[in-house]
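Here is a friendly walk through one structure, with an eye on how its pieces pack together. Please have the view open as you read.

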Amino acid sequence: MSSIIHVQDLVKTFKIYHDHKGYLGAIRNLFDRKYDLVHAVDQINFDIHPGELVGYIGPNGAGKSTTIKMLTGLLVPTSGEVRVNGYIPWKERKTYVKHIGAVFGQRTTLWWDLPLSDSLTLLQHIYEIPDPLYKKNLAMFREILELDAFMNTPVRSLSLGQRMRADLCAAMLHDPKLVFLDEPTIGLDVVAKERIREFIQFINRERGTTILLTTHDIADVAKLCERVMIIDHGKIVFDGKLDHLLRTYGGRRFLSVQFAEIYPEPVLENADIIKMEGNNVVYSFMRDTVSASHLIHKLSESYRIADLEVNDQPIEDTIREIYEKQLLYNHNHDKKNPAS
Amino acid sequence: MNAFLATVRISFRRQLTYRAANLSGLATNLMFGFFRASVLIALYREQPSVNGLTLQGAITYAGLTQAMIGYLSFFHWYELMHTVYDGQVGSDLLKPLDYFLYWLGVDAGRALGTLLIRGVPLFLVFALFYDVVLPLSLLQWGAFLLSLLFALLISFGWRFMVNLASFWTPNAIGIGRFAFGLSWTFSGFFFPLALFPDWLAEFSRLSPFGASVYIPIQVFIGNVSGIELTKSLIIQLTWIVILVILDHIILNRGVRKLVIQGG
């Protein structure tokens, strides 16, 4: 199967100038500016196949938006190869962008002061969408995204959730094969997030649209994406199935115990006490070091237990731990090809 | 309908929704129009004409320039700059539409809306209070409308170029103030060019600023006709061609810089 996005040895390096300070420094800056080279994207490789829905995550400043900008043609790589839908994005931008859609959650492409319907009509002309197709798509999105209630409302008066639905519709009207979604659920409440996710799932499953989703909300990824790529320090440190990631790195579990009496120091081998309040104690342990049943057995040998509970670490915390401790980065940064 | 016309239309409609801004703009332009007319009447008290410009011509001049301020928007336009600074430019570049044409469409819609809501009413009110000169023939009206359209294209070409500075510097507002100061001074908005010293008047007349503001007025008042009229329109066309070419050169460099160094 040939890929819709092909990225090979992609590098983007920025010059970050640091200026001399003070008045004299300001003059020196004119002649002699020092700079650091920052590798925002550092030798990344991946392929995305038609119909995939891929989550692209990573901490702030990891290189996510730099990658997206190169994929959409807004940024020219320092070196390496990008082919999207057969195009080299930055070379053939004007033709290329006809075939893609993009939603940036932080901003809108809609005309702020006019009713939503006006913006959608303009898009029909800009993308030269034939009338029957436009009508068919609009009718479908009106229904699924429930746009009718605010079709004639100025965009500026829409709630964030409504505006995001409108922006999704705007990005999909011309039947793009590939859609870039950048933080499509940012700032939304739980219900609104869920609707957006359902819609994303719908266009991917029912219409076969390829989607690259960048997000900070791991729940988006957990709900939608089979495949996830993690970028950190400009390198792809993980590319594979989400549950594989969680099995490998998310091994932390918690054992909450309520003792029948108060023990001053209820220590347990292979487990750390992370919280202790009277007779309530929470232990943390790693799945691959010790089993829960073994710990419970050990506990009941030495102490009297009233109640207990075992929990897995939430996905969010696992990912945060990966970011914070740079687990994957340290693990992979000597290897030529990151984990796949 | 093609994408350009659709852009003009949506921008026109947007301009019409700004009721309060349009009305207060109209009131301000009208007030300054009356003020300028009073000053001119005081200046002309003893003389029938200055440098060949009659009082009636000078008052018409004042009324027309006041009516064209909003339409040409020659002295204050930072719309494109703002989209560069808030990142909207990224979305605009992701549309399958020529960036220059897109903005020309946006500006043409704005100008058309402003002309209908602010320009025409202002001049009508002005004509009620003062004795103004009007074009005498259909041909002259036609020539005026054509030169008014050219004027917008020159004004846009200049403003687009000034706004492109934002592709290079994080604060191009200062550059804009300076550049729009230039267009204000040399356009003849401030004072009829006929009242300038000859060399300065000639310079202004040949500059894109004079070509944008001064020429349509000359056509309206009837100071140019025949060969002179053709020459004036050719001066305007020449500036349009020069500015459009410059705009494209600068735009291409700006986009290249943007896509190489990031937003």
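This is a predicted model: local features need pLDDT of at least 70, side-chain atom pairs count only at pLDDT 80 or more; totals for chains, interfaces and linings use all residues.

Residues are numbered from 1 along each chain as its sequence is written, and chains are lettered from A and ligands numbered from 1 in the order in which they are written.

**Domains of chain A**

Chain A splits into domain 1 (5–247) and domain 2 (251–312), with bounds that come from an automatic or database domain assignment. Taken over C-alpha atoms, the centres of these two domains of chain A lie 44 Å apart.

**Two partners of H10 in chain B**

Helices here are DSSP runs (H or I, at least four residues), numbered from the N terminus. Axes are lines fitted to C-alpha atoms over the stretch in contact, and angles run from 0 to 180 degrees between N-to-C directions.

| Helix pair | Angle | Axis distance |
|---|---|---|
| H8(B) (residues 173–187) and H10(B) (residues 208–221) | about 50° | 8 Å |
| H3(B) (residues 55–72) and H10(B) | about 135° | 10 Å |

The angle of about 50° makes H8(B) oblique to H10(B). H3(B) and H10(B) are therefore oblique to each other too. Oblique is what remains once angles under 35 degrees count as roughly parallel, over 145 as roughly antiparallel and 65 to 115 as roughly perpendicular.

H8(B) passes H10(B) in a right-handed crossing, and H3(B) also crosses H10(B) in a right-handed way. Right-handed means that the near helix is turned clockwise from the far one by less than a right angle.

Which residues of H8(B) meet H10(B)? They are Ser183(B), Phe186(B) and Ser187(B), and their partners in H10(B) include Phe209(B) and Tyr214(B). Ala, Val, Leu, Ile, Met, Phe, Trp, Tyr, Cys and Pro count as nonpolar, Asp, Glu, Lys and Arg as charged, and the others, Gly among them, as polar.

On the H3(B) side, residues including Tyr61(B), Leu64(B) and Met68(B) meet a set in H10(B) with Ile217(B) and Phe220(B) among them. By class, that contact has eight nonpolar, four polar and no charged residues.

**Where the chains touch**

Between the chains, 21 residues of chain B are in contact with 21 residues of chain A; contact requires C-beta atoms, placed from the backbone, within 7 Å. Helices H1 (3–17), H5 (88–93) and H11 (227–261) of chain B each give two or more residues to this side. H1(B) provides the largest share, seven residues. The side of chain B that touches chain A has 10 nonpolar, eight polar and three charged residues.

Conventions
Two residues are in contact if their C-beta atoms, placed from the backbone, lie within 7 Å.
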